[in-house]
Structure formats: structure tokens, C-alpha cells
Amino acid sequence: MIIIKVFIGVDHQGVKYKDNIFEYLKSNGIDVSCIDLTNNPLDDYPDFAYLTCKKVLENNGLGILVCGSGIGMSITANKIKGIRCARVFDENDAFTAKNHNGANVIAFGVNLDIDEIYKIIDTFIATKNPCEERHLRRIEKINAIEEGKYDL
């Protein structure tokens, strides 16, 4: 059995779900850590996204980012080489992000209810990485763009 490490990063808006997500993962036997930055009304989501993604890369893990909308976190995360982050709204998004696009991080906003968040997380963790040729080909193109080596 492969053991995966999951890292959680939340800003001042996402903090309302931090403990719920952490306890949910822990109770399901997942090795989970929260990024150790203090949340306050003036914190900045790029700090949490950056540190979470660095941990994901260092540990070959998965990341979960939560901010007001999920947009800022996902934009920040996708600036980090080796991270493929998708802003997700539901289980289908979580499945597609990982199985089709090879996402290693997901981001969402605080407008989702906790039961939907649990479904999203379960789907993201349980979904296998891409193996179909068409998805792998597309991911290679994304990697080439990231490396500055893409040309049509």
C-alpha cells in the first residue's frame, strides 16, 4: 500500500475548514500536516500556497488549499515548477484534475459545504494518476511549457 502525505494550507478565510479537514483526513488514516503559519485577518494567501506546494514537492505528496474563492491559491500554486493545481467545485472536478491533468494540489473556496469538501478530498486522494496516452501527452506539453521548451 502506498502511503501518501497530504499538506493543508489555508488563509484567514479558509481557516474555518482547517480543523475539519485535518481531523477528517487523520480519522481516515491519512498522514496529514497543516502549514505552520499563523492565520490572522491580514495574512496573505500566496504565503500559504507557496509553503504548502514546497512541502508537496519535497515529499512527493498532495496538497489542499483553501481561501475565499480558491482562485488566488490556485494561481499562486501554479507558479511553482512541478505543481499542477486545479480549483475544484465538486467530485468530478477532483477526479478530472488528478486523472486527466495529473494535479498534485487542489484548491477551493469557503463557499462549499463541509460534506462536499469531504467528497472532493476523498475523490482526489483515491483517484489514480493519469495513465491514458492522451492525458500523458497533454501533461508532457504542459511540462514543456513550464520548462520554456514548448513550440507548436
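1. C34 counts as partly exposed, because its relative accessibility is 25%; buried means under 20% relative accessible area, exposed over 50%, and partly exposed in between, with a 1.4 Å probe and protein chains only.

2. This is a predicted model, in which local features need pLDDT of at least 70 and side-chain atom pairs count only at pLDDT 80 or more, whereas totals for chains, interfaces and linings use all residues. Residues are numbered from 1 along each chain as its sequence is written, and side-chain values use heavy atoms, with hydrogens and water left out.

3. For C85 the closest cysteine sulfur is again in C53, at 6.3 Å, and this too is too far for a bond. C85 is buried, with a relative accessible area of 11%, and the structure holds 0 disulfides.

4. Strand β1 (5-10) is largely enclosed by the rest of the structure, because 6 of its 6 residues are buried; strands (E, at least two residues) and helices (H or I, at least four) are DSSP runs numbered from the N terminus. K5, F7 and G9 point one way from β1, while V6, I8 and V10 point the other way. In a regular strand the side chains alternate between the two faces of the sheet.

5. β1 runs parallel to β2 (residues 31-34), to which 4 bridges join it, and β1 also pairs with β3 in the parallel sense over 5 bridges; pairing requires that DSSP find at least two bridges between the strands. V6 has V32 as its bridge partner in β2 and L62 as its bridge partner in β3.

6. The largest nonpolar core has 24 residues, and I21, L25, I64, V66 and F108 have the most contacts inside it; such a core is a set of buried Ala, Val, Leu, Ile, Met, Phe, Trp, Tyr and Cys residues joined through side-chain atoms within 4.5 Å. Among the elements that each supply at least two residues of this core are β1, α1 (15-27), β3 (62-67) and α5 (114-126), and α5 gives the most, with 4 residues. Apart from this core lies another, of 14 residues, among them F7, C53, C67 and I80.

7. Leaving aside its neighbours within four places in sequence, I64 is in contact (heavy atoms within 4.5 Å) with residues including V6, I8, I21, L25, F108 and I121.

Notes. Disulfide = S-S within 2.5 Å.
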